[in-house]
Amino acid sequence: TTHPARPVEKQSKRSRESKREKGRTKIRMFSMHPHSTATMGAFATGAGATSTNRKQHHHLRRYLNTFSTNKNNKTRRRSSSRRRKGDERRTMVSAKYSSGLQKLENCVDSGQFDRPMMEELFTIADEMAKVKPGSKDSLLLQGYLMSTLFYEASTRTRLSFESAMGRLGGGIVSTESAGEYSSAAKGETLEDTMRTVESYCDIVVLRHFQAGSAAKAAKVMRAPLINAGDGPGQHPTQALLDVYTIQKEIGRLDGFKIAFVGDLANGRTVRSLAMALTKFNDVEFFFVAPDVVKMKDDIKLFLDERGVKWSESTDLIATAKKVDVMYQTRIQKERFGDRLDDYEKAKGKYIIDQSVMDALSDTACVMHPLPRVDEIDPAVDGDKRSAYFRQAQNGLFVRMALLKVLLLK
């Protein structure tokens, strides 16, 4: 009787002999390589090769194979890494927003933002504050270009926008004093300038000296536009960062009192912020300003139509005792033109100094859109309630969030 295991044994031996012969053939081929002749001589043995030789053959084949595979392995790893990064990028681009931010195409007016939009934007701003150089999020806008076109002088707004774009990996095309150094000096219209500039970039940040100029520019553009201030009109990103700062400083956006102080007639920041704060509940406004720069009637009417409580005062100390937020502004000499007598009447009338700080509650805060001239005494900068430099930093995070929202949908 034939034992059933024997054919398997013979087959196994034949297989082993075949593999051994193939191994010898490979060894002979490798031994002909000019860089391995001396090395292979000791291994190119005949049929009487020992098990030690066979092990050496096996290890040598593995060693030599690494030279032909390392380059391919590196290429595969790089390709795999690119695919992963591409997948991550596509995931970010296709991200959805739960509020009206999903449909936001431009940022022209603070009235575009309702409460859910601001709250979601502030959540994104909190995330932006954590972005570190070299991290995945620091490359969110890699490949995008932003143009900053400023017809008026700016330090904080322009630099914060450019810093925001840079911190997210984007590029910047910038011009300062555009009215003097751009084709506007040759008589080109704003609309033509914007049509041209948008062909060079993915998003435009515009500051202009005429109220309504941003809305006019947005009508002729396909690329997103951000209004960085249009004369005495609107400054929506300042309003957004101001609301964000109030939330950070006093811990709430409902049920508080705010005083607007200084140039309320020409201050686009106070106009934008007043409109934005009407989206929250039980916010009371106090206007403290010289007669020549009092808050204009259009904002007062806007508040009345929405049932928002407001009042005017000339007593800064008495007002300071009532409020949770003191929002000081500069008397803007550049808005007075030839009316220098009015400017002299307005400047220096309301100054936040130690006496005002003493009147404020311990939980209140002092804000200012900056730059300041003499309306806040530098001696109070060290007070924990002086929030204006933290306010400026918050602008970076809010603008990073806005750039992400407008470019990544």
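Guide: A crossover is right-handed if, with the strands pointing away from the viewer, the path from the first strand over the helix to the second runs clockwise. The model above is a predicted one.

Visitor: What is the hand of the β-α-β unit made by S1, H5 and S2?
Guide: Strand S1 covers residues 145–150 and strand S2 covers residues 171–175, and the two pair in the parallel sense. Helix H5 spans residues 156–167. Together S1, H5 and S2 make a β-α-β unit whose hand is right-handed.

Visitor: Which residue in S2 is the bridge partner of Ser147?
Guide: S1 and S2 are joined over five bridges. For Ser147, the bridge partner in S2 is Val173.

Visitor: Which strands stand at the edges of the sheet?
Guide: The open sheet has four strands in the order S2-S1-S3-S4, with parallel pairing. An edge strand here has a single partner strand, so one of its sides is left without a neighbour in the sheet. The strands in that position are S2 and S4.

Visitor: By how many degrees does the sheet twist, on average, from one strand to the next?
Guide: The sheet in question is the open one, ordered S2-S1-S3-S4. From one strand to the next, its twist averages 15 degrees.

Visitor: Which residue in S4 is the bridge partner of Val205?
Guide: Strand S3 (residues 203–208) runs parallel to S4, and four bridges join them. In S4, Val205 has as its bridge partner Ile226.

Visitor: Which strands does helix H7 touch?
Guide: H7 covers residues 190–197 and packs on the sheet. Its direction makes about 155 degrees with that of S3. The strands touched by H7 are S1, S3 and S4.

Visitor: Is H5 oblique or perpendicular to H15?
Guide: The axes of H5 and H15 (residues 388–407) come within 8 Å and cross at roughly 60 degrees. Angles from 65 to 115 degrees count as roughly perpendicular. The angle therefore makes H5, relative to H15, oblique.

Visitor: How many residues in the contact of H5 with H15 are nonpolar?
Guide: On the H5 side the contact includes Phe161, Ala164 and Met165, and on the H15 side it includes Leu396, Met400 and Leu403. Three residues of this contact are polar and three are charged. The nonpolar residues number seven.

Visitor: How many polar residues has the contact of H9 with H15?
Guide: The axes of H9 (residues 236–250) and H15 come within 8 Å and cross at roughly 120 degrees. Among the residues that meet are Thr237 and Gln238 in H9, and Gln391 and Asn394 in H15. By class, five residues are nonpolar and four are charged, while the polar ones number six.

Key. Residues numbered from 1 in each chain as written. Predicted model: local features only at pLDDT ≥ 70, side-chain atom pairs only at ≥ 80, totals over all residues. Heavy atoms only, no water. Axes fitted to C-alpha atoms, helices over the stretch in contact; angles between N-to-C directions. Parallel < 35°, antiparallel > 145°, perpendicular 65-115°, else oblique. Contact = heavy atoms within 4.5 Å. Nonpolar A, V, L, I, M, F, W, Y, C, P; charged D, E, K, R; others polar. Pairing = 2+ DSSP bridges.
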